[in-house]
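Welcome! Take a moment to look over the structure below, and then let us walk through a few of its parts together.

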Amino acid sequence: MIEAITIHENDDLAVALSDIPKGMIVSVNGEEVTVKDFIKAKHKFALKDFEPEDQMHMYNVTVGRAKYAIKKGEAITTENVSHTSDDFSIENRKQISWDKPDVSKWEDVTFDGYHREDGQVGTANYWLVFPLVFCENRNIETIKKAFNKALGFEKPDPYVSMVSKLVDRYENNQLNGSGNGLDIDIEPEQPKPTPQKRVFENIDGIRFLTHQGGCGGIRQDSETLCRLLSGYINNPNVAGATVLSLGCQNAQITMFRDALKSINPDLKKPVVILDQQATGTEEKLIKNSITKTFMELVEVNKQTRKPAPLSKLTIGLECGGSDGFSGISANPAIGYTSDLIVALGGKAILSEFPELCGVEQELINRMETDEMAEKFVDIMRRFEQSAIDAGSGFDMNPSPGNIKDGLITDAMKSAGAAKKGGTSRIQDVLDYTEYAHKPGLNLLCTPGNDVESTTGLAGSGANVILFTTGLGTPTGNPIAPVLKLSSNSALAKKMPDIIDIDTGPVIKGEKTIEQMGAEILDYIIEIASGKKTAKSMDLEQYDFIPWKRGVSL
């Protein structure tokens, strides 16, 4: 059994694949190392003696600096290592070539999607309903209840019966136990399936977005919100939208229309916009919204799935609740999937700029032009400076969960996170809310925050999102299926309700990165064709949080 590995032959830190007792002698790259501390699985230990201020390396990049002397075989912790990373510059850019993977297996493969007039193809067919300002959130919820119940989209709630039984016990003085409720034996009762025919068979659902923006704050926040919402309408998974406005908010209808025009000047999708202050009573607004939306749904339902080449896929690449295995299994696996899709002419979008800290030069070397590199460097430096100005910094990015499971510094976390982008050349650098138009790998500026990032990916055109996790997270998206990939098999067994694909076999040596990445692509094709559903969609994890461009790591 292999107890520990290095990720690159030049690394001077090893990763424990399982718990390693203190004093055990392990072989790493043919060299025996006596482990001087108990090393928990996913954590790292030194492969040489480090003096104070010496740099440490993983993935062949700098991931930390020794705070004091560290002996060979000692554990790497937050106490003995500080964050540091390699510097980067456009002047040092050395363009690298890319060896495309063999995609002959998929060259004639198609998926069944919804073809839009602008040439994009959706993996689903949704109608959107959202407000331009938070004042309309309550009206959105009212419309949501009416449509979901009447159109057959409402799912039975297994927890209603559980609460009802608790009420019965309470009213009959039958609640026994210590008082914390943990020993009460009532289980959620799964309702018996009562087939409720969906009225519109070719519509996958109506997605109702609410948010806290559109007024207050600064005008730039409203402009950003309008661009984001325009990206959602332009996303190929969306057939059209109903938009509610109060009338007096910062996010004016004219601002929204300008944003729509800027993202797609020739947009052919139906967009219903209603203004409450111009309409009159709330009842009239809701009646108009329901009636106009219903008539549009009748037309949208005429759309059907048709074969499309895999070049019409746009995958978002995201991670959350990462652990020390994420950068070894799940992230490089979807990185290979990204390379396959790029080689087939599709698009991939890598987000989370704070989690590219330390690998900037490698990314710069993969960019097609100096202008692209300059834009990337400018965004990265301004983003980090904004964090510093607020009294934080990229070094504060690793969460307590990350650290507990082996990601000690931001550079260490980033080196593994960047593997989601594979090895292909970078075709474009996008600031937040910019739309992905160029085939190939795109970098998108978002924070590392899970929902803010997935929200941004869908707004930039992702029609499927791959989301790796080592600890587990319920994050989803209203319009783009979010496939969860566990970095380890223990998580897949512990949380089978949220994990779609287990990449743990890579850690166990049962599958290669390439084999896993190929399997992921095959799974995406099933999802994109509507033959399978993402568990995040099954669980109605419709998370939507716009980034206000304040400090969010």
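## A parallel sheet and its helices

Strands β11 and β13 pair in the parallel sense, over 6 bridges. Within this pairing, Tyr126 has Val238 in β13 as its bridge partner. Keep in mind that this is a predicted model.

Both strands belong to an open sheet of 4 strands with parallel pairing, in the order β12-β11-β13-β14. At the edges are β12 (205-208) and β14, each pairing on one side only. From one strand to the next, the twist averages 15 degrees.

| Helix | Strands involved | Direction |
|---|---|---|
| α1 (residues 137-150) | lies across β11, β12 and β13 | about 165 degrees to β12 |
| α4 | touches β11, β13 and β14 | about 165 degrees with β14 |

Which residues of α4 (residues 253-263) are buried? They are Ile253, Met255, Phe256, Ala259, Leu260 and Ile263. Seen down the axis of α4, these buried residues fall within an arc of 160 degrees, so they line one face of the helix. They pack against β11 (126-131), α3 (219-234), β13 (238-245) and β14 (271-275). Turned away from that buried side is a face with the exposed residues Thr254, Asp258, Lys261 and Ser262.

Elsewhere there is a hairpin to visit. Strands β3 and β4 form it with 2 residues between them, and Asn29 in the turn has a positive phi of about 55 degrees. The two strands pair in the antiparallel sense over 4 bridges, and Ser27 has Glu32 in β4 as its bridge partner.

Conventions
Residues numbered from 1 in each chain as written. Predicted model: local features only at pLDDT ≥ 70, side-chain atom pairs only at ≥ 80, totals over all residues. Heavy atoms only, no water. Pairing = 2+ DSSP bridges. Buried < 20%, exposed > 50% of the residue type's maximum accessible area, 1.4 Å probe, protein only. Arc of directions from axis to C-beta. Contact = heavy atoms within 4.5 Å. Axes fitted to C-alpha atoms, helices over the stretch in contact; angles between N-to-C directions.
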